[in-house]
Amino acid sequence: MKFREFLKGKGATSAIFMGVLYAVCMLGIFLPGYTAIPGNIDQLPIAIINDDEGEFGEQIAESLVEQLPFENIKTDILNKAALEDLEDNELALVIHIPKTFSADLKNSDVASNIEFTLNEAGATVVASSMNQVVSQINAQLSAQFSQQTAEGILMNVNVPEEQAKELAKSIENSYVGDIVTINDIPDGMHNNMLPMFLTMALYVGAMIAAMQLVGAFKENRGKATKTRLFIYVQVTAIIVGLIAGVVSTIIVMGINDLSGDLFLQILGQQILNYWVSFNFTATVIFLFGEAGMVLNIPILLVQTLANGAVIPRAMMYAPYEWASHISPMYYSVQAYFANLFGSTSVSPYVLGLGLVGLVAMVINIVIVWKLHKPLPIESAKI
């Protein structure tokens with residue numbers, strides 16, 4: 001056999017096709033998607049709450065609204081409600097000007113402060129970006145309360161010039177920015193990326209299993225009814241999910257030094273994650289056969305970016321944001337953020353994950369019922 005003939009064979013042509021396809025999908029999906037960082041930072045929603053009973057709070061709030069590079073700034077919300085939204089990652093940052101802010105500025109014995117609260121239990125780009133934003137805000141406010149600026153502000157509210165100079169000197173040293181971080185994630189990138197790694201570990205395994213088990217389903221047609229074979233496939237997926245869930249949970253508990261009471265919660269979600277991922281990826285394989293595995297590659301890559309581990313929904317471009325609503329990986333990642341590091345309810349994400357799996361299984365049932373013709377059952381050989 002000549003090399004040219006070898007290249008024309010099925011194995012070589014498939015390898016060439018998959019090599020080109022993966023490169024095109026990887027670069028064509030990841031590079032456009034990640035241009036959202038930092039380009040779409042302005043899409044993140046934040047809240048500025050001014051409870052100051054004096055005159056300075058309003059000036060600062062208005063200045064921040066004008067200067068900050070965010071298009072979605074809430075000002076008509078109570079601080080308590082804003083903090084609840086922050087817990088649920090519906091806000092990226094809460095800036096609170098307390099009611100005694102102006103009074104504290106005029107009192108040299110008391111340090112005035114503005115509270116900046118951010119949530120670490122979410123997309124990594126949000127926490128890092130908000131830390132940078134807070135540093136910039138504090139720098140701006142320090143400049144705003146420089147002696148010259150402070151004198152001008154105080155003169156505008158009818159404070160005598162000499163008194164204004166004295167107050168300005170105290171103002172320069174009286175402002176502090178109080179940064180509050182809720183739901184701290186332990187140091188280490190392995191902790192930040194744990195929700196995505198836990199999810200992807202079983203998703204990829206389930207995707208490969210979908211090809212193998214659907215193949216077994218087709219190979220055994222005629223040996224049992226397609227209904228029985230479909231049940232066998234589902235039960236096998238659950239068994240594999242249980243085994244893979246136990247192994248992955250033990251590894252994570254050891255490496256990430258998690259609390260022992262999280263073991264059953266992680267295990268339960270891993271089993272659910274595997275079953276949902278299996279049915280989700282099996283759909284295109286039941287529908288298109290081996291070609292479905294090729295389609296599963298771009299579907300996986302899109303979810304890797306749309307799962308919210310790095311980029312939140314608010315920053316995603318439309319195709320990725322749409323994909324996140326039907327993505328098993330998105331609901332699993334968000335559930336892990338809430339369960340492992342957050343204090344918000346995990347239920348909406350677990351229910352969303354389960355719903356995606358249920359819908360995918362129903363679609364698989366319809367495909368098997370409509371497209372896979374029943375074959376006569378072979379008699380058992382004695």
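The protein chain comprises 17 helices and five strands, both taken as DSSP runs numbered from the N terminus (helices H or I, at least four residues; strands E, at least two). The model is a predicted one, in which local features need pLDDT of at least 70 and side-chain atom pairs count only at pLDDT 80 or more, whereas totals for chains, interfaces and linings use all residues. Residues are numbered from 1 along each chain as its sequence is written, and side-chain values rest on heavy atoms, with hydrogens and water left out.

Of the 382 residues in the protein chain, 47% are buried, that is, under 20% relative accessible area with a 1.4 Å probe and protein chains only. Of the contacts (heavy atoms within 4.5 Å) between residues at least 6 apart in sequence, 75% join residues at least 24 apart.

Strand E3 (residues 93-97) is mostly covered, five of its five residues being buried. In a regular strand the side chains alternate between the two faces of the sheet. In E3, Leu-93, Ile-95 and Ile-97 are buried on one side, and Val-94 and His-96 are buried on the other. Pairing, which requires that DSSP find at least two bridges between two strands, links E3 to strand E1 (residues 46-50) in parallel through five bridges, with Ile-48 opposite Ile-95. Strand E4 (residues 112-119) runs antiparallel to E3 over three bridges, and Thr-117 of E4 is the bridge partner of Val-94.

Conventions. Buried < 20%, exposed > 50% of the residue type's maximum accessible area, 1.4 Å probe, protein only.
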